[in-house]
Every structure is written in C-alpha cells, then in structure tokens.
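Try each task before you read its solution.

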Amino acid sequence: MNYLIGIDVGTSATKTVLFDEEGTVIASASKEYGMIQPQNGWAEQNPGDWKNAVLETLSEVREQSGVPAGAIKGIGLSGQMHGLVMLDEDNEVIRPSIIWCDQRTGGQVEEMLQIMPRERWIELTANPPLTGWTAAKILWVKKHEPENYQKCRHILLPKDYIRQVLTGVFATEVSDASGMQLLDVQGRCWSEEVLRALDIDRSLLGEVYESCEITGTLLPEIAERTGLNADTIVVGGAGDNAAAAVGTGVVADGAAFTTIGTSGVVYAHSSKLAVDPKGRVHTCCCAVPGAWHMMGVTQAAGLSLKWFCGQFCQDYMVEAERQGRDVYDLVNEAVQEIKPGSDRLIYLPYLMGERTPHLDPDCRGVFFGLSAIHTKSHLLRAVMEGVAYSLFDCSKILGDTGVKITEMMACGGGGKSPVWRQMLADLYGCPVKTVKQQEGPALGAAILAGVGCGIYNSVETACGRLLRMSSSTEPEEENTVLYRQFHCLYQRLYSSLKEDFKELAGL
C-alpha cells in the first residue's frame, strides 16, 4: 500500500493528514497559532509558527501511523492564499507575513489603478487590484518599509514558504500564484507587463508549476527530523480553495462548493476562462491542469462566529468543557431554537472589510434591528444568517457571469454545521451536499501528490475513485421565501451605510 500526506497551512492552524491511496485517514495532527493585529484592519502572522507547526505535525503523523517511511510516496501542500512572505539572502524571514485578510493597502490599490486602468488589470490578471492580494502588499512594504524591501531576495506565499523549508526549492503553482495579482491567469505564467509596471524584479519570484507537478524532494535534515525519506516528493499543491475543490470532487463544469472557514467562499469550476468584468468575483487557475475557477469571498465567515463566541460565549465554553463536547455543538443547538430571520435581526459580516461583492476595506460589522426581545441565541443565529446572506451574494454573481452550478457541495468547519447548511440550502434554493471525507484541503493536496507520484492517472479520476457522498440538505420553500426578503434588506443596508463606513474610517 502506498501512502500520501496532505499539509494544510491554515489561518488558525496547520493540519497534516496521512492517507492511504484509497483516501482513508491513517493519522492526523494539527497545531494552532495566533494572528497579530497591530492596527484595526491589519492582520499578520509569524511564518516561523507555520514552520514549527508543519514540522511538529509531520513528525506526529509519522509516529502515530507506524507506516514505513518508504511507503510514504508524496506530500501535497495547501495553504491560505495571498500572504506575503519575504526572505533575505540567508533565507531568513524579514518581517511577519501580511496575510490574506489584511486591509491596509487601500492606497496601494489606488496607485495600481493609476499605473494601469482597471480594465487592463482584469485583462492581464483576470482580476482588478485588491487590497488583500499580494501585489498591493509588496508595494506597501516598498513604500513604508524600504529597508525591509531592500533586504528582500525572495517573495513567497505561505505554503510556498513551507515548500522552501521542506525542500530548499523556491517555487509556487498556478492556483495560489493567481491570487498574487502578478500572474497572467490565462497564460498560467508570470506577467512580464505587470512586473515591469510595478517594478518588481522577476528574480524575487519562484518558478510556476501546475498543481500536480513535482517541485522537489525533502531535504536530508528535514527527512531525519520528521522520520520520512529524503526521496519523498513534494508537488506544487494548491491554494486552500483550489485544494478544497479537489478534496470535495469539484473538478468538472457545473460543480461548485461553499466553504465556511475563517473566510467563506463560493467556488465554481470552469474548463474555460471566465471573468467578471466588474471584478466582484475572482478568477484563478485551478488545481486541474488547463482549467480555472471563479470564486466569491466573504472575508469574515467563520471568523464572525469565532469572534462572537470568543467575546460573548464564555458560558457556552464552560458548559462544553463540563459536558466534554465541542462548543459549536452547543451553539448549533441554541441557534436551532430561534426561527429563521432571528426575529428581525440582521448581521453584516464585515469585521475585516469585504471582498465580494463590495471590494471595500472600510466597511465594518453591524447588528441591525436589535431590540429588548433579542437574546444571545438570536445574535448567534443572526451571525450565521449574515454570513449565509453574504455567500448568497457570491453565488448570485457567479450565476450572472454565466457560470452554471448544478451541484453545490459544503466543506470547511462551518460546512459541518447542519444549521448553516440548511440556511445555505434555503438561500440557494437547491440541495447542499457533503462528502464522507471531511479533510477538504488536506485530502485535495494529498490527491495532487498522488497524481504527481503516478498513483493516480489524473485529478479527475482520483476524485471519482476516492470521494463518496455523505449527506444532502434540501431547501425548505417557506424559508427560501423568507430569506430572500431579508436578503434584499441586507443588501440595501450596505448601500445605506457605505459613506458612513468611509467617514468612520477617517475619524
């Protein structure tokens, strides 16, 4: 039996999973770490935390499993997209990584739009300049920390920093690189025109591979430390959403998924390049060679619920510990006691600004309609519904661009919640399904490694062989009608508050 490892470098934790070639989980380990917020709207992490988490969890799954090192054929990497990792000439990290949800780069986006018109950016990179994406972060460091930029010899994404740690190779792959705003998404290579326009030296960037191509093998010292063999291959891997698509079988036209992690995403596969001329949703290369995906992104999806629970649900945490249960199980039970619509309470999930559909770094979270009848359970349900409204925005825009969705899957931590899946099914007006395998990005990364090793002929055949349906949540027509009404008001609230958000940001 051959074995594969998938590593998912997430925002809240790194998860490493060892699978056999039939997709069965043999061992799993995770390690959490924190996020630094030096100012409102800023978000950073220490790449050293990712490195330590990866090395610890690799060692742990190897020890747990007892699988011979020689039977572990490949490693696939997945990770949070858009983060800026800068290394000096000694390959040491220069500064904390500015990660995907950071919103400090509004000025740099304006600068990019002065360098080239929005339409040209979309032609070259399939997307307009975005505050959360890597190019604007590079320009921010260039302007505000010139001494750090002068020391920089390598620019990497989070999972590609881990690749360098494991293999010594400076490389990326097309799905993650698409989110840097430096890639010719149609040509699947760095855009020389963009690099010239932004005055970014091509030598700072690694080589670009397809997701299932081999990029290197483990360094001897890493193999010794983790108990693996030095000839274990490491493939390109994929950004977290592209890897999740593989891990849920969204690898053909008509297939889509909704994921609720720290952020939320509605993702649709496309065998042809499709671009939203308004830039409300993103187009990127996907992990299937020669194909693309479109996705809408909610900045603070699971983050909204995690924030609320962390600040206001200490009683739930104490009770969960007393019962030996997950706190989110108690949250789901409480939310189920509240009727859809949360007794006319609406939450806008803009804790970290927003991407789809507003592209607004200044908007902030709002509870609208609070009254004395509302309890903590009402607020919890409103948070979950507000995230669902935002994800419905994403799905509607994908439909407007001509992407036809015939099957919607759910994944991510929030996707495990039957309450959240019901909200999504009611809003989408279609069944929301899950697969039995719940490892998402880690499984997708491992499948890509299996293709690179030759264990599977292609990404599509691997998904057909390994993935099985688990559940289907059907929409309830009465709730669909109600939620569509609330969604219309939800949309108007942003329009009403847009200028107020800007004024607040300027105070």
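**Exercise 1.** Work out which side chain of opposite charge is nearest to R355, and how far away it is.

*Solution.* Start with burial: R355 is buried (under 20% relative accessible area, 1.4 Å probe, protein chains only). Next, look for a partner, with Lys and Arg as positive, Asp and Glu as negative, and His and the chain ends not counted.

The model is predicted, so local features need pLDDT of at least 70, side-chain atom pairs need 80 or more, and totals for chains, interfaces and linings use all residues. Residues are numbered from 1 along each chain as its sequence is written, and side-chain values use heavy atoms, leaving out hydrogens and water.

Now the surroundings. R355 sits in the loop between β20 (346–348) and β21 (366–368), strands being DSSP runs of E, at least two residues, numbered from the N terminus. Leaving aside residues up to four places away in sequence, R355 touches several others, including W100, W133, R280 and H282 (heavy atoms within 4.5 Å).

**Exercise 2.** Find how much area domain 1 and domain 2 bury between them.

*Solution.* Take the bounds first: domain 1 is 3–248 + 436–469, and domain 2 is 299–404 + 412–430 + 473–506, from an automatic or database assignment. The contact draws 16 residues from domain 1 and eight from domain 2. Together they bury about 1,000 Å², 56% of it on carbon and sulfur atoms; that's accessible area (1.4 Å probe) lost on being put together, summed over both parts.

Methods. Helix = DSSP H or I, 4+ residues; strand = E, 2+ residues; numbered from the N terminus. Buried < 20%, exposed > 50% of the residue type's maximum accessible area, 1.4 Å probe, protein only. Salt bridge = Lys/Arg side-chain N within 4 Å of Asp/Glu carboxyl O. Buried area = accessible area lost by both parts, 1.4 Å probe.
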